[in-house]
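Notebook open, structure loaded. I want to go through the sheet and then the helices beside it.

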Amino acid sequence: MRVHVVDPSAYTPPYDHALCRALGLAGADVELFTSHFAYGPVAPAEGYERRELFYRAARFAPGSSAQRAAKLAEHVPDMLRYRRAARAADVVHFQWLTVQHVDGHLLPRRQTAAGRRRPLVLTAHDVLPREPRRGQLAAQRRLYERFDAVVVHSEHGRARLSGELGIDPDRVHVIPHGVFAHLADVPESAAAGGRAPFQTEKPVVLCFGLMRPYKGIDVLLEAWRGIEDAELWIAGMPRMDITHLREIAPPSVRFVPRFITDSELPAYFQRADLVALPYREIDQSGVLFTALAFGKPLLLSDVGGFPEVAATGAARIVPAGDPAALHEMLRELLGDPAALTAMAERARAAADGSYAWGTIARQTLDLYESLRENPGR
């Protein structure tokens with residue numbers, strides 16, 4: 001089966017790589033269509049072909065107005081160029097759509113030259129807009145209806161699409177997010193020279209990833225007050241003004257406000273004793289599945305698909321936006337190394353079980369086959 005995986009703006013290179021590699025190992029002929037990732041090197045293609053078809057002239061500073069303008073100018077021609085390339089595919093699986101209100105009209109045709117159905121699949125990494133503008137939900141519904149199937153990473157996401165948008169539940173398929181084993185598959189001595197970013201004998205709580213308002217970093221900082229026998233590391237590229245966060249941070253908090261490359265990342269997770277994700281809202285999180293890949297216990301808020309992961313025993317859950325509850329749970333876990341060890345064991349078991357990419361690839365290929373065999377579904 002010839003499968004095209006499409007992520008025009010390279011929003012999620014680790015996920016793209018893990019999915020394509022797993023599908024290739026499962027026997028599919030896979031091509032990833034994406035663009036140059038401006039923030040650093042990505043994992044080399046293994047078991048699939050990687051083609052940087054999109055935004056080839058947009059080599060400006062990432063996030064700059066010049067880059068955005070260049071991408072916008074190239075977007076429609078590149079989507080049309082990909083539509084021609086898609087004639088070689090049996091299945092087209094989009095991970096993201098960059099300009100959604102336009103892209104619904106630029107998707108590949110659903111029929112091959114031989115007259116067979118070419119299913120179009122979309123993974124809804126962000127199930128719905130966090131702050132929808134007027135008319136945006138209706139536009140999202142129309143976009144989803146242009147696909148033969150929509151993949152979500154949790155039962156929570158499936159319920160939202162069917163309940164809030166009215167999408168037929170039979171067209172929404174839950175396939176778990178896989179662990180990023182390739183990020184963890186490096187010797188500890190090789191991770192950033194074998195050295196943690198900071199030297200400390202205290203336990204370390206890690207909050208990792210792009211810094212955005214919905215991540216609840218302010219809640220975590222408030223909850224951290226009074227905790228002096230551990231360190232909190234907040235690492236990732238800011239996508240908001242963090243001046244106030246740095247001003248209110250207790251002395252035992254360390255910030256690394258920049259993009260952390262794949263080669264640097266293991267040093268952070270290997271040193272962490274606990275990974276905290278106090279999000280206000282989410283469906284699923286790539287950071288969560290990075291932590292599971294490293295066998296790390298998690299402290300999560302009760303949003304989105306997080307409780308489904310906590311059910312494995314790898315995580316504890318607290319109410320979102322509740323710094324007092326978060327503080328108490330931080331205290332409890334940091335004072336109970338045996339509990340952290342047990343959670344870490346369950347994290348490793350989950351990583352080797354339902355969140356392993358071999359399992360996920362099989363589920364994904366089964367979906368593709370069912371769509372090809374039942375075109376009217």
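Before I count any strands as partners, a reminder to myself: two strands pair if DSSP finds at least two bridges between them. This is a predicted model, so I'm reading it as that.

I looked at β4 and β5 (residues 120–123): three bridges join them, and they run parallel. Across that pair, Phe 94 sits opposite Leu 122 of β5.

Then the whole sheet. I get seven strands in an open sheet, ordered β3-β2-β1-β4-β5-β6-β7, with parallel pairing. The edges are β3 (49–54) and β7 (172–174); each has a single partner strand, so one side of each has no neighbour in the sheet. On average, neighbouring strands are turned by 25 degrees against each other, direction ignored.

Which helices lie across it? I found α2 (residues 65–85) across β1, β2, β3 and β4, at about 140 degrees to β3. I also found α14 across β1, β4, β5, β6 (149–152) and β7, at about 130 degrees to β4.

Next, α1. I checked its length: at 1.5 Å a residue, the 13 residues (13–25) should span 18 Å, and the end C-alpha atoms are 18 Å apart, so the two agree.

How much of α1 is buried? Ten of its 13 residues are, so I noted the helix as mostly covered. Among the buried ones I listed Tyr 15, His 17, Leu 19, Cys 20 and Leu 23. The buried residues pack against β1 (2–6), β2 (29–35), β4 (91–94), α6 (181–184) and α14 (357–373).

Last entry: just after α1, Gly 27 has a positive phi of about 110 degrees.

Methods
Residues numbered from 1 in each chain as written. Predicted model: local features only at pLDDT ≥ 70, side-chain atom pairs only at ≥ 80, totals over all residues. Heavy atoms only, no water. Helix = DSSP H or I, 4+ residues; strand = E, 2+ residues; numbered from the N terminus. Expected span 1.5 Å × (residues − 1). Buried < 20%, exposed > 50% of the residue type's maximum accessible area, 1.4 Å probe, protein only. Contact = heavy atoms within 4.5 Å. Axes fitted to C-alpha atoms, helices over the stretch in contact; angles between N-to-C directions.
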